[in-house]
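Please read it alongside the sequence and structure shown here.

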Amino acid sequence: MAALILACVVALLLFSLVILIITRYKKCPSDRVMVIYGLVGSNNDGTTRSARCIHGGAAFIWPVVQSYDFLDLTPLSISVDLENALSRQNIRINVPSRFTVGISTENGIMQNAAERLLGLKLSEIQELAKDIIFGQLRLVIATMDIEEINTDRDKFLEAVSRNVEGELKKIGLRLINVNVTDISDESGYIAALGKEAAAKAINDAKKTVAEKDRDGSIGEANARRDQRVQVSQADSSAIQGENEAQIQVSMSNAARREKEAEALRIATAAEKIAAAQALEEAYAAEQKAETARFAREKATAEADIIVKTEIAKRQLELEAEAQAEQIRRKAKGEADAIMMKMQAEATGMQAMLTKQAEGLREVVLAAGGDPDAALRLMLADKMEDLLKIQVEAVKGIKIDKVTVWDGGEGKEGKNATAGFVSGLMKSIPPMSDMFDMAGMNLPNYLGAKQDAPTQSKAAEEASE
């Protein structure tokens, strides 16, 4: 029967163990990241790991000391309509764009996502990523000219992707795609650039036409010159007049060119001054942007330290609670063991007293129900032991080794040796005194209590 019960208990334990393993063995879907937190071990450098991330596969979750949660890998499409962003030329532009981000599955970045995004909804993660993208997009625009942003889109998208992805990795996200639509500004600078390009094309066409006209005029002038030379040869006075007229024309052309050169110099100087002022303002804007970036990076670092400190504090609290629970259970077990021991001793004592009472009852029944007869039977059984006790009291005394110095006979014809032995026997308590101290009377068949002289005489006779 005991073997059957033991087999049933073992089978029940094995069944419970199998059920526990089945219920605590968790599989991770392909579109999620399973984060196991609690007591998950330590890193290679000896520091305590805050969580263990699994993408694909499965893992066993230890009860009590571990728990788990999932991070969704669904891509998030974020519309970022950046307005009034300051470029390097201090011109504010509007850059409508759309970014696609998602939780990264790389080992280190996935750990950042477990520490900073676990428990957040997709909308909360989207807002957090949107704030980061806004800041980095403004920073990239502040370092580029409008011409570069408008014409070299690949360079602009590469700079945006590099800056944004570097910041998103700190919270466990990765940049999937960037799409920038039409760029505009309130001042009309970008539209003016388009008009400038169109005007340049038109001017190039007009220049070509003018060159062709010039070639025709030159040919025509050459023909006229030949004609005039021939006419001049005929009329020298006309030629002289024409030369004087040409001198006046040259002087007029020289004055015109001098004025044009002065105007060109003034315009060039003004352009350089304006360019220098724009460069100075751009440097000031970059300095402000770097200051803001420093403040943001400082806040991010402080947030990282605070989060790690809170995690360490919570871990210490859990460990202290586990140790306290262990101490409470151990104390309860020891108290239960002491109580069971005392109950067993009480049960044993009760059984012994019960057996003694039953034995005494059997003795009384054997004596015909007479308590005195039962007492005589018990004394008869213990008489030999009582006499041995009294004999043992003087057994070890060697009378031949006792020397008594006395000059004559003592009282009542006794010498000193007889008096010594008589006193020695009197030092042993008589049996009647022992019964008196126990609150009982010596049975008559053992002899009635004698008075003191008679007892003394009997002791003397026994000593002799």
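Two strands are taken to pair if DSSP finds at least two bridges between them. The model is predicted, and within it Val-35 stands opposite Cys-53 in E3. Strand E2, which spans residues 32-38, pairs with E3 in the antiparallel sense over 4 bridges.

**Sheet and helix packing**

- The open sheet has 3 strands in the order E3-E2-E5, and their pairing is antiparallel.
- Its edges are formed by strand E3 (51-54) and strand E5 (66-72), each of which pairs on one side only.
- From one strand to the next, the twist averages 25°.
- Helix H2, made up of residues 107-116, packs on the sheet and touches E2, E3 and E5, and the direction of this helix makes about 120° with that of E3.

**Aromatic rings**

- A pair of aromatic rings is described by the distance of the centres and the angle of the planes.
- With ring centres required to lie within 6.5 Å, the count comes to 2 aromatic pairs.
- One of them joins Phe-60 and Trp-62 in an edge-to-face arrangement, at 4.9 Å centre to centre and with 85° between the planes.
- Trp-62 counts as exposed because its relative accessibility is 52%, and exposed means over 50%.
- Tyr-68 and Phe-70 also form an edge-to-face aromatic pair, with 5.8 Å from centre to centre and 85° between the planes.
- Tyr-68, at 27% relative accessibility, counts as partly exposed, and Phe-70, at 25%, likewise counts as partly exposed.
- The ring of Phe-70 also has the charged end of Arg-32 sitting over it, 5.5 Å from the ring centre.

**Positive phi angles outside glycine**

- Val-64 has a positive phi of about 70° although this residue is not a glycine.
- The place of Val-64 is in the loop between strand E4 (58-60) and E5, where Val-64 is exposed, with a relative accessible area of 86%.
- Asn-84, again a residue that is not a glycine, has a positive phi of about 55°.
- Asn-84 is found in strand E6, residues 76-86, and counts as partly exposed at 32% relative accessibility.

Note on methods: Residues are numbered from 1 along each chain as its sequence is written. This is a predicted model: local features need pLDDT of at least 70, side-chain atom pairs count only at pLDDT 80 or more; totals for chains, interfaces and linings use all residues. Side-chain values use heavy atoms; hydrogens and water are left out. Rings of Phe, Tyr and Trp (its six-membered ring) pair if their centres lie within 6.5 Å; planes under 30 degrees apart count as stacked, over 60 as edge-to-face and the rest as tilted. Buried means under 20% relative accessible area, exposed over 50%, partly exposed in between (1.4 Å probe, protein chains only). A charge sits over a ring if NZ of Lys or CZ of Arg is within 6 Å of the ring centre and within 35 degrees of the ring normal. Helices (H or I, at least four residues) and strands (E, at least two) are DSSP runs, numbered from the N terminus. Axes are lines fitted to C-alpha atoms, for helices over the stretch in contact, and angles run from 0 to 180 degrees between N-to-C directions. Contact means heavy atoms within 4.5 Å.
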